[in-house]
Amino acid sequence: MSAASDPSSHALPATPDFDAWPVDHAITGLSHDDRQLTITWQDGRRSRYHSIWLRENAADDSTVNPATRERILDLSRLGAWPTLGEARLETSGAVTLEFLPERRRLSFHPGWLRAHDYDNETATEAPLVATTRWRGAERSEPTTLDASGWMDVELDASSTDPLLEQALEAVIGEGLVRLRNLPVEPGSLDLIARRIGPPRPTNFGHLFDVRAKPDPDSNAYTSIALPPHVDLPTREYQPGLQLLHCLENDTVGGEAVMMDGFAVAEALRERHPEHFATLTRVRWCYANTARTSDYVWFDPMIKLDARGEFDEVRIADFLRGPLMAPFDDVEPAYAALMALQRLLREPEFALRFSYAPGDLVIFDNRRLLHARDAFDVSQGGRRWLQGCYLERDEARSRLRMLQRARRRERVASSVASGA
Ligand SMILES: [Fe+2]
């Protein structure tokens, strides 16, 4: 019999996931009616849970497959709305509930219940990392971490890794991080990227080389200046993260410029709300019509999510095709575009820095705009960056795994100390 179905056990019951949930707040009181359970916690917080929500989130093997921890319960097959017949606080600190009409007794882990307290605003859909919008004028350099020796340390999916955790928090929260003193072997970016997740291949390759080359298929592969842009807005789903790894740089010029597209969009909303509204509505054409491929996509330049928060920007003047909007939208669309372009030229948004060999920048390609100054290769200098793309999902999954590893350590040390 598993701990989840054995209410007499002194061990805490299983949870419907693979995570570890430290019990930082004990349960001091329970009350219930047919459809609601109310828990009072040691710190005075009260949390209500619906009976149907509890039934769906039980951890027993009638609800989840124990091998995958994926749900197998179909609520609509229960025959009736699940209600609560009894609620009991176990000596272990777990909550055991009897569900009717099944007459099934199921136990819930207090740490898991507290972490999923949807009744209290503070816990509702809490972001993994809060978004911090920034302007380049407010900072002298990106959040920078020293990665000396980092690639020599063996890591697996269950390891803690403070450096990577800090880096991912910066990428998710600020949209940008710089790691320094990484190896400079060509191709080492693949191993570095896989510490987060699998790279996303594109028609530019699995890793791409950003350097001046003959017969370029992108302005990126020349030495000319690039205006602020995101990469691949020509795809239905723009790559979420871009990694740029500097292998060589002894050229004159070529300074990197980064800016927070969400801060620029917010400034547009404050100063020109009508132009902001237009850019969230009119679908522009993004096109990358090279000799051997033909990517085209239509979307607004600024996108908000279902909660009205910034989701992405699609800004890349050199990748826009002909605007094919309804006739009456064309002039307002261009007026809004030019208002945005003027904002992009304001120096307060731009953060400028130079690449040194061994530097890696990781940035949110659906949020940050990157640009570069022209560089001079006529004196024989070289500038070579290797790049690749990952999805935002990989950064979030990796960060959750790192947080899980830390929670496991806490649970293990509290068990060891008998706490
Ligand atoms: Fe780019």
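Mentor: Start with E86. This is a predicted model, and E86 has 27% relative accessibility, so E86 counts as partly exposed.

Trainee: Why is E86 called partly exposed?

Mentor: Buried needs under 20%, and exposed needs over 50%. E86 has 27%, which lies in between, so the label is partly exposed. R88 has 33% relative accessibility, so R88 is partly exposed as well.

Trainee: What makes E86 and R88 a salt bridge?

Mentor: The closest N and O atoms of E86 and R88 are 3.9 Å apart. The cut-off is within 4 Å. The value 3.9 Å meets that cut-off, so the pair counts as a salt bridge. A search of the whole structure finds 42 salt bridges.

Trainee: How do you know that R352 and E255 form a salt bridge?

Mentor: Their side chains meet at 3.1 Å, N to O. That is within 4 Å, so the pair qualifies. This pair links distant parts of the chain, 97 residues apart. R352 sits in strand β20 (residues 351-353), and E255 sits in the loop between β14 (252-253) and β15 (256-260).

Trainee: Are R352 and E255 buried or exposed, or in between?

Mentor: In between. R352 has 40% relative accessibility, and E255 has a relative accessible area of 27%. Both values lie between 20% and 50%, so R352 and E255 are partly exposed.

Trainee: What makes R307 exposed?

Mentor: R307 has a relative accessible area of 54%. That is over 50%, so R307 is exposed. R307 meets D305 in a salt bridge at 2.8 Å, N to O. D305 has 24% relative accessibility, so D305 is partly exposed.

Trainee: Which residues are linked in a network of salt bridges?

Mentor: D299, K303, D311, E312, R314, D364, R366 and R392 are linked in that way.

Trainee: Now helix α7. How do you know how far α7 reaches?

Mentor: Helix α7 (residues 330-344) has 15 residues. From first C-alpha to last, α7 reaches 21 Å, close to the 21 Å expected at 1.5 Å a residue.

Trainee: Which residues of α7 are buried?

Mentor: A333, A336, L337, A339, L340, L343 and L344 are buried. They cover an arc of only 160° around the axis, so they lie on the same side of α7.

Trainee: Why can residues a few places apart point the same way?

Mentor: An α-helix has 3.6 residues a turn, so residues three or four places apart point the same way.

Trainee: What do the buried residues of α7 pack against?

Mentor: They pack against several elements, including β12 (226-229), α5 (261-271), α6 (273-281) and β22 (368-372).

Conventions
Residues numbered from 1 in each chain as written. Predicted model: local features only at pLDDT ≥ 70, side-chain atom pairs only at ≥ 80, totals over all residues. Heavy atoms only, no water. Buried < 20%, exposed > 50% of the residue type's maximum accessible area, 1.4 Å probe, protein only. Helix = DSSP H or I, 4+ residues; strand = E, 2+ residues; numbered from the N terminus. Expected span 1.5 Å × (residues − 1). Arc of directions from axis to C-beta. Contact = heavy atoms within 4.5 Å.
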